[in-house]
Amino acid sequence: MQFSIILLHLAGAVMLLLWAVRMVRTGVERACGPALRDALRQARGARIRSAGVGTVLAVLLQSSTAVAILAAGFAASGVVSVSAGLAILLGADLGSALVVQVLSFDLSWLVPALILVGGAMALKFEARGRILMGVAFVLLSLHMIGEATAPMRQSTLLPLVISYLRADYFTAFAAAALFTWLIHSSVAAILLFVTLAAQGVLPVEVGLFFILGANCGGALIAVWLTRGDAVEARRVPLGNLIFRGTTALAALFALQAVTFPAHLFGVTEGRQLVNLHLAFNMVLVICCLPFTGTMEKLATLLIPDRPAAKAGEAGDLMSRRTSALDRTVMRTPGLALASATRELLRVGEVVEVMLRPVMDFFDAGTADQIRQAQKLDEEVNRAHTEIKLYIAEVNRGSMSAAEAQRGIELTDFAINLERAGDIVAKNLLVLAQELRDKNLRFSRDGWSELAGLHNRVMANMQLALNVLVSSDLESARQLVVEKERMRRLERMSHDRHLKRLQSGMPQSIDTSDIHLEAVRALKEINSLMASVAYPLLTQSGDLLESRLARGAAEVRAPALA
């Protein structure tokens with residue numbers, strides 16, 4: 001019974017640690033997501049600079065895996081090369097080790113202050129407060145792990161397990177790698193092992209095997225998460241896994257041949273493991289950074305390019321998907337409109353696929369990538385026509401007034417999706433091609449503004465598609481609020497751009513027309529997406545049919561007086 005309680009407390013503490021690490025990461029992403037992506041975008045060319053950027057990002061995000069996913073995405077879009085992505089990941093792993101180094105100190109005295117300040121900030125600045133609260137919960141969870149594992153030192157079973165793992169080093173290595181992969185956080189795994197060692201539960205000689213295994217398992221996480229991504233995206237984490245896995249295994253076998261001087265790495269066993277983890281990652285950067293180009297070639301051999309599509313063959317899976325319009329239910333208006341809604345959702349997803357890589361194309365898109373994205377507009381146009389004709393044919397049958405109104409709303413949204421697709425294909429992607437042809441680049445501030453607007457439009461597009469399917473009133477209200485917010489942000493971006501022009505900033509002058517047109521296009525796409533909320537809000541009484549009704553009455557009142 002006592003052992004079950006200990007395990008329950010330990011499991012709860014570990015879960016709090018995992019949640020707290022994730023809380024810090026998501027807080028940083030929300031607070032300065034565009035800036036982080038901009039920093040990663042600049043990490044190209046020089047290996048040392050790329051590794052440095054990866055280190056900083058991992059410290060901020062408290063996750064080398066998050067940096068790996070970002071780097072893989074940029075590699076897929078051509079923003080960074082595979083070798084640059086590998087340099088970023090080597091630096092990110094070092095940054096993750098630095099995070100463990102800081103969190104391993106006894107900072108429990110900071111917990112009340114972090115909770116107090118973080119809680120207060122969360123009321124006004126949610127993301128920043130989330131960061132401080134997350135750090136506080138990390139420290140609190142480590143204290144809980146220490147308390148939960150303290151009774152284990154008197155366990156009669158523990159010495160047997162430790163004795164087995166001390167003799168079977170490869171099982172200890174594999175178990176730690178598997179555990180790290182399962183919890184999807186190398187930081188949390190290393191902190192857990194260090195805390196166990198500090199409590200005297202985990203001997204340092206077994207802890208060494210665990211640390212090496214956790215390093216290998218941490219690299220495996222990104223490989224697993226990117227398994228369905230583009231070829232270039234998969235090569236980056238694979239190369240990192242080969243680097244880390246090979247080095248970790250070499251160190252594991254070396255420990256069997258020589259006696260490890262653990263006393264040189266610290267006084268306590270916990271400190272020795274922390275310092276070993278940092279030393280391992282420093283050695284990894286120094287030894288592997290010069291060979292990122294060679295590893296890129298090896299990763300290309302292991303994950304070769306996909307064969308080019310044959311002429312006349314559809315280039316994208318979205319274009320080959322079967323239409324959701326079911327002609328067998330056209331005499332049942334309710335089912336037919338549900339069928340049209342599913343098809344509209346698919347069209348919205350195609351538009352989303354077109355819009356998502358636009359910022360990557362602005363930065364380093366190839367002519368072929370831009371053409372492939374523009375081809376998707378043909379699918380949007382075809383589906384838009386089919387939806388309109390389908391609903392028109394359904395309308396010829398017997399329908400209730402509510403069903404007829406729903407048919408009109410779906411048709412209107414189909415028209416808006418088609419217009420959004422045109423804006424992406426004929427405005428934004430054309431601007432990306434122009435930027436590429438003229439070899440121009442946005443200013444740092446201009447890029448940050450565009451990236452922020454693009455991220456907001458992508459989020460609002462998801463919200464609009466959710467409203468289309470669920471008819472959720474609260475989400476519809478949020479869409480209208482976001483439309484007004486987007487209008488203000490567009491105006492602010494316009495004013496800031498004019499100030500940059502007045503200051504004579506060369507990059508802003510060269511890209512002025514492209515910047516302003518891109519901002520207007522993003523605003524218009526956002527407005528088209530928000531239109532799905534109007535019928536729902538009008539029906540609920542949240543939105544007047546004429547926004548001038550109240551104002552006109554107020555104008556007439558003085559005249560009558």
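Student: Which element gives the largest share of the lining of the largest cavity?

Tutor: Rolling a probe the size of a water molecule over the atoms shows where empty space is left. In this predicted model, α10 gives the largest share of that lining, 5 residues, where a cavity is a set of points, on a 1 Å grid over the protein atoms alone, at which a 1.4 Å probe fits but cannot get out, and lining residues have an atom within 4 Å of a point. The largest cavity holds about 120 Å³ of space, and among its 16 lining residues S64, D93, G218, A219 and R244 lie nearest the centre.

Student: How should I read the packing of helix α10 with helix α12?

Tutor: Two packed helices are described by the angle between their axes and the distance between the axes. Here α10 (residues 204-225) and α12 (residues 269-288) pack at about 35°, with axes 10 Å apart; helices are DSSP runs (H or I, at least four residues) numbered from the N terminus, and axes are lines fitted to C-alpha atoms over the stretch in contact, with angles running from 0 to 180 degrees between N-to-C directions. The contact (heavy atoms within 4.5 Å) includes L208 and I211 of α10 and L273 and F280 of α12.

Student: What follows helix α19?

Tutor: After α19 comes S471, whose phi is positive, near 55°.

Student: On what basis are residues numbered and values computed?

Tutor: Residues are numbered from 1 along each chain as its sequence is written, and side-chain values use heavy atoms, leaving out hydrogens and water. Local features need pLDDT of at least 70 and side-chain atom pairs count only at pLDDT 80 or more, while totals for chains, interfaces and linings use all residues.

Key
Helix = DSSP H or I, 4+ residues; strand = E, 2+ residues; numbered from the N terminus. 1 Å grid on protein atoms, 1.4 Å probe; cavity = no way out; pocket = protein on both sides within 12 Å on 5 of 7 lines; lining within 4 Å. Points joined across faces, edges and corners; volume = space filled by probe spheres on them.
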